[in-house]
Amino acid sequence: DNFIEIKKHFEALAIKKKLDKHILIGDFNFNGIEWPGGLTTCQLYNKFLDFFVGDLGHVQMISGATHKSGNILDLLFTNVPHLIENITILGQDGVCLSDHNAIEFKIKLHCPQKNRFKHKVYNYSKANWRELNYDIKNSNIMNIINSNDPYVAWPLVKSELIKLCDTHIPKKKSKDQFQPPWFDRECEKSYNNKEKWRIKARSGIASYINKFHECRREFKKIMNSKMRLNLEDDSDPALISKKFWSHVKSRSKSTRIPDTVYYNQRYRSNCNEQAEMFNEYFSNQFSEPSVYDTMIDFKDSKRFDDLRFHELDILLLLKSTIPSKAAGPDGIHGIVLKNCAASLAKPIAQIFNQIYVTSCIP
């Protein structure tokens, strides 16, 4: 069973084009194999060797004893032996107390840093809210709502609103996901100045080295000051925890989703497949929907006939929107709803009333 699971896993890795270089090292505990020839009389060991060496094209590169008994139990399989160099088997307890010897080797790899794609996002701090509210009030949104059912009207209204937002809200390139959230223009300017003097300091001139140390101290001082302001001086307490975890993420240089996700005896490294696996997991946490046979008759009820959504109520709700929350599926951010509450209250109230009357939910 163990061999079958290992075989399935490595076959899945082998067919991925992005994972074309394999290096597998560990304590296999194959004490019945003679190396470097790989000769054995054990049928199970032959299965492993046929798979790793025959099917995957791996080479086993450890030839010296790795256990105090003198056996070669720790192995290194790879399909890129030309990238492995300086293999050294350390002495007993060379790294820690163990009956196995540690193995040291170098991997010849050049890993150029990829240019991270930065998409454009709205720069709400420079939005012209006054002009945006004016254009929303004088737009064709109300005519669209009154002349169409909600199912048809809402996509048109959303398209018109996004078009107006593009006009009055400038865009900026998003930050790197691992960049500290307080890294602004001032920090960038100080960083560039520090790097300029770093290059000059390589010449060994004492004055350049001292200037580099001075710029580095100034950069650290600015970064620490920005970090404290970002985490402490904020009018919205809900942002504190988000900014704290943004800081943790920027320092750890890692994302929350691992490279490989395992669930229900499956391994997935593709982002889309991982998302489907998460959906499957959370879906399985819920029980089957309940089936009720209670009949409710609303034909003679006049209770909800006079229900109306009023513009003032919608206005108060929009003004209470928490701007730090992410946008919903419609892509309209809470900052827009809050700052354009006066101009959006009437159209939204009208859409809600039409939805209630027509029983049509877009």
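Predicted model: local features only at pLDDT ≥ 70, side-chain atom pairs only at ≥ 80, totals over all residues.
## Helices α1 and α2

Helix α1 spans residues 2-14 and helix α2 spans residues 43-55. Their axes come within 11 Å and cross at roughly 0°. Angles under 35 degrees count as roughly parallel, so α1 is roughly parallel to α2.

On the α1 side, the residues in contact are Phe3, Ile6, Lys7, Phe10 and Glu11. They meet Leu44, Lys47, Phe48, Phe51 and Phe52 of α2. By class, this contact of α1 with α2 has 7 nonpolar and 3 charged residues, and no polar ones.

## Helices α3 and α12

Helix α3 (residues 129-137) packs with helix α12 (residues 341-358) at an angle of about 25°. The two axes lie 8 Å apart. That angle makes α3 roughly parallel to α12. The crossing of α3 past α12 is left-handed.

From α3, the contact draws on Asn133, Ile136 and Lys137. From α12, Ala342, Ser343 and Leu344 take part. The contact of α3 with α12 has 3 nonpolar, 2 polar and 1 charged residues.

## The three-stranded sheet

An open sheet of 3 strands runs in the order β1-β3-β2, and its pairing is antiparallel. Strands β1 (23-27) and β2 (59-60) are at the edges. Each of these has a single partner strand, so one side of each lacks a neighbour in the sheet.

Strand β3 covers residues 74-78 and pairs with β2 in the antiparallel sense over 2 bridges. Glutamine 60 stands opposite phenylalanine 77 of β3.

Note on methods:
Residues numbered from 1 in each chain as written. Heavy atoms only, no water. Axes fitted to C-alpha atoms, helices over the stretch in contact; angles between N-to-C directions. Helix = DSSP H or I, 4+ residues; strand = E, 2+ residues; numbered from the N terminus. Parallel < 35°, antiparallel > 145°, perpendicular 65-115°, else oblique. Left-handed = near helix turned anticlockwise from the far one by under 90°. Contact = heavy atoms within 4.5 Å. Nonpolar A, V, L, I, M, F, W, Y, C, P; charged D, E, K, R; others polar. Pairing = 2+ DSSP bridges.
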